[in-house]
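Subject: Structure handover

Hello,

Please find the structure below. My notes on it follow.

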Amino acid sequence: MERRIKKATKMKHRKSLLIGMIAMVALYSCVPTREIRDENVSVPENYQNQSTDTINTGLVEWREFFKDPNLIALIDSALVKNQELNIMLQQVDMAKNRIQAKKGEYLPFVNLQAGAEVEKVGEYTRNGSVEKNLEVKEGEEFPEPLTNYMVGAFATWELDVWKKLRNEKKAAVYEYLSSVEGKNFMVTNLVAEIADSYYELMALDNQMAIIDQNLEIQQNALRMVKLQKQAARATELAVKRFQAEVMKNQSHKYEIQQQIVEMENRLNFLIGRSPQHIQRASDNFIDRSIDAIYAGIPSQLLQNRPDVRSAEFELAAAKLDTKAAKASFYPQFTIKAGLGLEAFDTKYLTTTPESVLYSAIGDMVAPLINRNAIKAQYKNATDRQLQAVYEYEKAILNAYIEVANQLSNIDNLKKSYELKDGQVQALTESIDLSTRLFQSARVEYIEVLLAQREALESRMELVETKKDQLLAQVNMYRALGGGWN
């Protein structure tokens, strides 16, 4: 009989185990799965009409790329004081703190607990009757009211069976690395923005100098026309036209002065300081040499560009977040344990083993019905992963196009500058020629005015083109991923 009972009990146990396994398999079979395409990181082997040489200017440290000591000093100061960069550094630090928080989640939590309480129950209740008729020990009744003192350590540990917590921690690491690359990208843009503003300021200085030189020529021409009028060889109309041209350029001078003030203050803002004079040497601006830029090959952008690397880390984090979200469908295993001392009187608190308390609990919790919230979280995670795929591909494409645009820009600006330089020389010579012809009454005064105006415009355009060449160099350096290292 006893053997039959044991056999029935064993069969019942096996049946329960089988039912549990079937339920578990059914639960797993209901876990949704979404296929997400892999990212496309293919880039052309080389830039259009460019060689496959791997020499890359983007790898050059910014102190070597920029030769102007005044510009280097401005960048140095900005990398310490710029408010936006310092805000970004705090975000990087917060991302690092999240790693520590996620790392602690898959380790046991141990808490120290101490407590004291007092309780008086009604005498005509179950607990009151028990206390009334039960002695603590022979000859000693339960105290009334009943006190209780407890001290102990209690631990909770979620077993990371499905690697959910570890994947979340790894995702936090990738988020941190992404924030670091985001900071590097901000440094790249900050360095480029300071260099752009610095060159624009120098260009404005040169335009101011050109206007001053042109005003001197125009004022000489005005005096000449007045003398011609006195000799009845010119009219009052010619005098007024020359006066108007002088006033026009004097007015333009004040406009450029305002632009200089605003550009200086823009640089001061980027540096994180109050408005003050920007030290610079603008005299040799037009003669600045344009150094050769080496673009390397497109595949180097995947490693050199901080924004591309940031998008790559974001994608890696999104993939791990998807795995963690999927693990929410699986059972969660938790162990709880505690060890301490408890007694109704402090004099018994250290009496062992009578006052010792301990506990150990193992839990398994699995979502069974109404898993809509978990499904929504999983769908959002997969959507974010696909979004990160597109962001990564967009960053790669944008990097390639930026470099290709700047390569073309540098080449076209070089050709444009050569032509404009010849135009300036020709129009500068035409000023003296038209003046002599006017003095000998062989041309009208309007020819002198046009020659002066066109010469001024051409010199201003030449300065603009030189500035554009320098900005193209900076933008190319930034597009190649330089400036942060």
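**Helix packing**

Helix H3 passes helix H6 in a right-handed crossing, where right-handed means that the near helix is turned clockwise from the far one by less than a right angle, and left-handed means anticlockwise. Helices (H or I, at least four residues) and strands (E, at least two) are DSSP runs, numbered from the N terminus. This is a predicted model: local features need pLDDT of at least 70, side-chain atom pairs count only at pLDDT 80 or more, and totals for chains, interfaces and linings use all residues. Residues are numbered from 1 along each chain as its sequence is written, and side-chain values use heavy atoms, with hydrogens and water left out.

H3 covers residues 69–81, and its axis lies 10 Å from that of H6 at a packing angle of about 140°. Axes are lines fitted to C-alpha atoms, for helices over the stretch in contact, and angles run from 0 to 180 degrees between N-to-C directions. H3 and H6 are therefore oblique to each other; angles under 35 degrees count as roughly parallel, over 145 as roughly antiparallel, 65 to 115 as roughly perpendicular and the rest as oblique.

H6 (residues 164–230) also packs against H7 (residues 236–271), at about 165° and with the axes 9 Å apart. That angle is why H6 and H7 are roughly antiparallel to each other. The contact of H6 with H7 has 20 nonpolar, 11 polar and 11 charged residues. Here Ala, Val, Leu, Ile, Met, Phe, Trp, Tyr, Cys and Pro count as nonpolar, Asp, Glu, Lys and Arg as charged, and the others, Gly among them, as polar. The crossing of H6 past H7 is left-handed.

**Aromatic rings**

A search of the whole structure finds nine aromatic pairs. Rings of Phe, Tyr and Trp (its six-membered ring) pair if their centres lie within 6.5 Å; planes under 30 degrees apart count as stacked, over 60 as edge-to-face and the rest as tilted. One of the pairs is Phe-65 with Tyr-477, which is stacked, at 4.0 Å centre to centre and 5° between the planes. Phe-65 lies in helix H2 (residues 62–65) and Tyr-477 in helix H11 (residues 445–479), so the pair ties together parts that are 412 residues apart in sequence.

Phe-65 is buried at 13% relative accessible area, and Tyr-477 is buried at 2% (buried is under 20%, exposed over 50%, partly exposed in between; 1.4 Å probe, protein chains only). Phe-65, Phe-66 and Tyr-477 form one aromatic cluster.

Elsewhere, the charged end of Lys-466 sits over the ring of Tyr-417, 4.6 Å from its centre (the criterion is NZ of Lys or CZ of Arg within 6 Å of the ring centre and within 35 degrees of the ring normal).

**Backbone and single residues**

Most residues other than glycine have a negative phi, and most peptide bonds are trans. Lys-163 is not a glycine but has a positive phi of about 60°. Lys-163 is in the loop between strand E4 (146–159) and H6, and is partly exposed at 48% relative accessibility. The peptide bond from Thr-352 to Pro-353 is cis, with omega near 5°; Pro-353 lies in the loop between strands E5 (332–343) and E6 (356–365).

Asp-283, in the loop between H7 and helix H8 (301–304), is exposed at 77% relative accessibility.

Regards
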